[in-house]
Amino acid sequence: MTWTDLAVTLLLSAGLFFYAAGTVGLLRFPDAASRLHALTKADNVGLGFVALAAALQWGSLVVAAKIAAVWLFAILAAGTSAQLMARVARQDDGDGP
Amino acid sequence: MTATFELILCVMILGTACVALFVRDFLTAIAFFVVFGNLLGLAWLAMGAVNVALAEIAIGAGVTGVLLVLTRSRLLALGEEIACGPARPWLRLGAAAACSAFTTLLAAAVLSIAPGDDLAPVVDGLMPRIGLDNPVTGVLMAFRAYDTLLESFVLLGALVAVWSLAPPAAWPQPPVALRMADPAALNVAGSFGRLLLPVALVMAAYLVWVGSDRPGGAFQGGTVLAGGFLLAAMGGAIGLPRSDDPRLRWALVAGPLVFLAIGLAGAATGRFLAYPDGTAKALIVTIEYVLAFSIGVTLALLVAGPPARAGTGP
Amino acid sequence: MTVPAVLGHLFPLTGAVLVGLGLCGFITLRHPLRQLLAVNVIGAGIFLILGGLGRGEGVTDPYPQALVITGIVVSVALTALGTAMIARLSEDRRAAGSGPDQPKDQDP
């Protein structure tokens, strides 16, 4: 096992931990806003760790740049959709009982 | 290890399909359908079919999911209930029995066929002649170009059929606007769409270009383009065109027409849809770029739906 | 050496079950939009059978791959036409004054 393998394993484990935390939050948090918070924040960090691991495993700068772009757009999409969903959730709460 | 992964993947595919089919709430069903599509994409990746994985995730999960969500909200706006009561027990039992029997037959048929890539060496042997490295693009654009040409006309025909469903007096107005009603949400979606439309253009061009040698191609690129158009339309960054706009008409037919023209030119020099030696790659890339643009516009308008009377917003 | 053989049939078998599930959904679900979703599940199952049987050592046959891509695009065209027809039917029912309360099926 080389140092790269070790680093990739560690990064993947960290990513998995954050994904698990985000999923637990999604399932256990009481309302829409905090669930969104768990999903977008924890999962994006998790994706970041997995992306780092993938880039390291590949060992090429061009591929790393592509993976970084993927991560960036994933964050952007998550932020935008979380905003929109939170707005709808708040409206639903306002209209509801 | 691989076997375990694939087994878990298959169980998850079947599980999400069950939820998408039989859950009571339709929005949940659509969400699970999109997850199902993405898992299928993973299955294609596990098989090494990256081209199909891209198409499945972009078209099967993405565009189909958007279509279902939009139709659901349109039906809800019309006051229609989508949740349907459970079917009669005897019908459910009968359907389950019949479908299990059918599945068993199908599984027996599947097991009687030995999986194998018999045609891969054949295709590989032919690839140097057209100068591409991605065998799937080779099959789509050269060896089975006939299929792909007809498919591009099928897409166009589907759009014509969708347009023919326009209510009286609506022709040739634009479709129901996709822009979000809530001003704050429109603001958020607008900045996202304005940022993503140019990115989608670059991404689509890249996918088509790289599709000659590595996974990608006209359909994947065109779908990314359609996604960019739709996001921009939802954010109000672009409006939807009237159905009789001549520029729109040209954008829709350009791809199939260029494909057909090059095919007919091939017929003049030899065989229909045969590319002269040495020009194959240039012709294929030309067709693919025009085709990807037309596919992007067609898919976006397919999602937007038929022309609607002015003032019938969502 | 039985594992590769099983693996070769794993995805096609999943596809066969998907076709069965989708068919069952298509028969028992009463709303056309849900039936359209079931048709898409059936299609996905057929694609898995077609493409999965082309799986060889390491690579998948490019020929069925191209056919499946064609199929995916055609199925989205079908779905778009289906949703447009469902929406139009709903509009017409509303315009005809029968209203959305009218049950579409004769179930008690």
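## Basis of the model and domains of chain B

Domain bounds, as used here, come from an automatic or database domain assignment. On that basis chain B is divided into domain 1 (1-84) and domain 2 (121-314). The structure is a predicted model, in which local features need pLDDT of at least 70 and side-chain atom pairs count only at pLDDT 80 or more, while totals for chains, interfaces and linings use all residues. Residues are numbered from 1 along each chain as its sequence is written, and chains are lettered from A and ligands numbered from 1 in the order in which they are written.

Taken over C-alpha atoms, the centres of domain 1 of chain B and domain 2 of chain B are 23 Å apart. Two residues are in contact if their C-beta atoms, placed from the backbone, lie within 7 Å. By this criterion, 14 residues of domain 1 of chain B meet 14 residues of domain 2 of chain B. The domain 1 side of chain B that touches domain 2 of chain B has ten nonpolar, three polar and one charged residues; Ala, Val, Leu, Ile, Met, Phe, Trp, Tyr, Cys and Pro count as nonpolar, Asp, Glu, Lys and Arg as charged, and the others, Gly among them, as polar.

## Architecture of chains B and C

Helices (H or I, at least four residues) and strands (E, at least two) are DSSP runs, numbered from the N terminus. Chain B contains eleven helices and zero strands. Its C-alpha atoms fill a box of roughly 60 × 55 × 35 Å along the principal axes. Of the contacts in chain B with a separation of 6 or more, 75% are between residues 24 or more positions apart.

Chain C has three helices and zero strands. For chain C, residues 24 or more positions apart account for 52% of the contacts with a separation of 6 or more. A residue is buried if 20 or more other C-beta atoms lie within 10 Å of its own, exposed if 12 or fewer, and partly exposed in between, with C-beta atoms placed from the backbone. Of the 314 residues of chain B, 47% count as buried; of the 108 residues of chain C, 59% do.

## Contacts between chains

Of the two pairs of chains in contact, chains B and C share the most contacts. Here 69 residues of chain C are in contact with 81 residues of chain B. On the chain C side, α1 (2-28), α2 (32-52) and α3 (62-95) each supply at least two residues, and α3(C) gives the largest share, 24 residues. The side of chain C that touches chain B has 41 nonpolar, 20 polar and eight charged residues.

Chain A has four residues in contact with six residues of chain B. The chain A side of that contact has one nonpolar, two polar and one charged residues. No contact joins chain A and chain C, and their closest C-alpha atoms lie 20 Å apart.

## Packing of α2(B) against α2(C)

Two packed helices are described by the angle between their axes and the distance between the axes. Axes are lines fitted to C-alpha atoms, for helices over the stretch in contact, and angles run from 0 to 180 degrees between N-to-C directions. Helix α2 (residues 26-46) of chain B packs with α2(C) at an angle of about 10 degrees, the axes being 12 Å apart. The two helices, α2(B) and α2(C), are therefore roughly parallel to each other; angles under 35 degrees count as roughly parallel, over 145 as roughly antiparallel, 65 to 115 as roughly perpendicular and the rest as oblique.

A nonpolar core is a set of buried Ala, Val, Leu, Ile, Met, Phe, Trp, Tyr and Cys residues joined through C-beta atoms within 7 Å. In the largest such core, of 133 residues, Leu230(B), Val303(B) and Ala80(C) touch the most other members. Helix α11 (residues 280-304) of chain B gives the most to this core, with 15 residues. Leaving aside neighbours within four places in sequence, Ala80(C) is in contact with Leu67(B), Ala158(B), Val162(B), Leu302(B) and Val303(B).

Ala53(B) lies in helix α3 (residues 50-77) of chain B. Ala53(B) is buried because 22 other C-beta atoms lie within 10 Å. Beyond its neighbours within four places in sequence, Ala53(B) is in contact with Gly41(B), Trp44(B) and Leu45(B). The C-alpha atoms of Ala53(B) and Pro215(B), 162 residues apart along the chain, are separated by 9.4 Å.
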